[in-house]
Every structure is written in structure tokens, then in C-alpha cells.
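Subject: Structure for your files, with notes

Hello,

Please find the structure below. My notes on what was found in it follow.

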Amino acid sequence: MELGLLAPLVVLALIDSTSFGTLAIPVWLMTHPSKPRLGRILLYLSTIAVFYFVLGLGLYFGAQSLRDAFASLSISEPARWVALVAGAVLLLLGLTIEPWTEAGKKRKRAGEAARQQARGPGRIEQWRTSTADGSASPASVMAFATVAALIEAASMLPYLAAIGLMVAADLPTLGAVGVLASYCVVMVAPALLLLALRLSMHERIQPTLERVDRWLRKNSKETLAWVFALLGLWLISNNWRFARDLIG
């Protein structure tokens, strides 16, 4: 595989590795007061990786089969207008889904904390506790991981971009399967590294994990906002000349 394809895929996989399901929840499990259950966390991460691998195969081969149709459509005027509108929507989402001022972020966090306290422990919190203390069955852990992956499916723009790069590169079947498998391994690699540190360093790494957990809770939505905004700008910039020529 060419370096020109490998480098962006690695970057996109590392972005995906910091998401809610691939890092935030595993770190959340590791910081639970009880001793981390290695088997349960590995089962969780394996389920996440398999989920994305299977989904990626479906997206890749589905897009590949329609590539010729998409190629002819991509140069049409309606498609360019759709791309412009999509870019504007993504840019708007990136600018609005998360406050950009520190005061706004504090107000939002305070409101979320108040709502969480009023609701009490939810289903995700209950799943976390049972997974961390080992009382959850393997099926329950797998269901937990699947639900987490489904929740963040709407924000899987880096993964969709990676699939698009692979389709454009026209990889052979075995090559595509291998690249997708490697991508999913990179997605869970940071969580596996932190888990290894947690098990080897025991309580000495706990303060660091708690800081990572707080940072992820605080910044995960901001990262998503940046992804939306940058992708929106890219779509607009790629199609702006077309719209300007038509208007002019």
C-alpha cells in the first residue's frame, strides 16, 4: 500500500481511537473503584473492533459496487449542489453542537451534571458497574459494546472518510480486508495500551487515567465539532468555484 494512502488512514484511525466507544468507555471502566477485569474489558474492545470491521466491509464493498455510478454522479450539477449544502450543514453543526467559549462550556457541563443527578444512574452507568466488577455476563458485555458503537455511528465521519479513501484506491479484495482489519486494531490500540499500563502499574497509573477520563468527558464533543467543521469547509472549498461560476 502506498504511503500516500497509509498516512491518512493511520491519522483517521487514531482520531477514531479517541471516540466515546473506543477510548472513553474503556478508560471509564479502568477507573472504576473495583479492580479492572481483564477478560471483560478485552471482550468489550474485541466486540467494538469486530463491529466496526463488519460494518466497514459492508460499506466498502457496497460503495465499491456503486463506484462507477458515484463517479458519474460526482461531476453532475445536482451532486455538486448537494455537496455544497452538506458542507454548509456540517459547518453549521461544527459551530453549534458545542459551545466555543469557556463560559458556555461551563454552563453546559453544569446543566448536564444537574440532569444526570436528577435522573440517577442510567443504563450505561449500570452496564459500566457490572462490566467493571465482573458481574456482567459475556453476552451483556457484548451488548454494551454494540450499543456504544451504535450510539456513536452517527459521528463516524473519520471512518467513512477512510472507507472513501480505500474505495478510491481500488484495493484488491484481500488487501481491503487486511487494511480494514488493521484500521480496527489501531482504533482500539490506545485503549489496550492504557489497559496494559493499568494492569502493570496498578494504582500508580490511576491518577493519570482519571485525568484522561476527565479530559475525554470534557473534550470529546469538541473534537467531534472540529471534525464536522473541517469536513464542511473541505466540501465547500471543493465546490465553491462551481457555485460561483453558476451564480456569476
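A residue is called buried here if its relative accessible area is under 20%, exposed if over 50%, and partly exposed in between, with a 1.4 Å probe and protein chains only. By that rule, buried residues make up 35% of the 248 residues in the chain.

On provenance: this is a predicted model, so local features need pLDDT of at least 70 and side-chain atom pairs count only at pLDDT 80 or more, while totals for chains, interfaces and linings use all residues. Residues are numbered from 1 along each chain as its sequence is written, and side-chain values use heavy atoms, with hydrogens and water left out.

Overall layout

The chain has 11 helices and zero strands; both are DSSP runs numbered from the N terminus (helices H or I, at least four residues; strands E, at least two). Read from the N terminus, the order of elements is α-α-α-α-α-α-α-α-α-α-α. A contact means heavy atoms within 4.5 Å. Of the contacts in the chain between residues at least 6 apart in sequence, 82% join residues at least 24 apart.

Helix α3 against α10

Two packed helices are described by the angle between their axes and the distance between the axes. Axes are lines fitted to C-alpha atoms, for helices over the stretch in contact, and angles run from 0 to 180 degrees between N-to-C directions. Helix α3 (residues 38–65) packs on helix α10 (residues 173–201) at an angle of about 155 degrees, the axes being 9 Å apart. The two are therefore roughly antiparallel to each other (under 35 degrees counts as roughly parallel, over 145 as roughly antiparallel, 65 to 115 as roughly perpendicular, the rest as oblique). The crossing of α3 and α10 is right-handed, where right-handed means that the near helix is turned clockwise from the far one by less than a right angle, and left-handed means anticlockwise.

On the α3 side the contact includes Leu 38, Ile 48, Tyr 52, Gly 56 and Tyr 60; on the α10 side it includes Thr 173, Leu 180, Cys 184, Met 187 and Val 188. By class, this contact has 22 nonpolar, two polar and no charged residues. Nonpolar covers Ala, Val, Leu, Ile, Met, Phe, Trp, Tyr, Cys and Pro; charged covers Asp, Glu, Lys and Arg; the others, Gly among them, are polar.

Helix α3 against α8

The axes of α3 and α8 also come within 9 Å, crossing at roughly 45 degrees. These helices are therefore oblique to each other, and their crossing is right-handed. Among the residues that meet are Arg 40, Leu 43, Tyr 44 and Phe 51 in α3, with Pro 138, Val 141, Met 142 and Phe 144 in α8. The residues of this contact divide into 13 nonpolar, two polar and one charged.

Leu 43 lies in α3 and is partly exposed, at 22% relative accessibility. Beyond its neighbours within four places in sequence, Leu 43 is in contact with Pro 138, Val 141 and Met 142.

The nonpolar core

A nonpolar core is a set of buried Ala, Val, Leu, Ile, Met, Phe, Trp, Tyr and Cys residues joined through side-chain atoms within 4.5 Å. The largest one has 43 residues, and those with the most contacts inside it are Tyr 44, Tyr 52, Tyr 60, Tyr 159 and Met 166. At least two residues each come from α1, α2 (20–30), α3, α8 (138–151), α9 (157–169) and α10. The largest share, 10 residues, is from α10. Leaving aside neighbours within four places in sequence, Tyr 52 is in contact with Ala 149, Glu 152, Met 156, Tyr 159, Cys 184 and Met 187.

Individual residues

- Asp 16 is in helix α1 (residues 3–16) and is buried, with a relative accessible area of 9%.
- Leu 23 is in α2 and counts as buried at 8% relative accessibility. Its C-alpha atom is 7.3 Å from that of Val 188, 165 residues apart along the chain.
- Asp 170 sits in the loop between α9 and α10 and is partly exposed, at 46%. Asp 170 and Gln 64 are 8.0 Å apart, C-alpha to C-alpha, and 106 residues apart in sequence.

Regards
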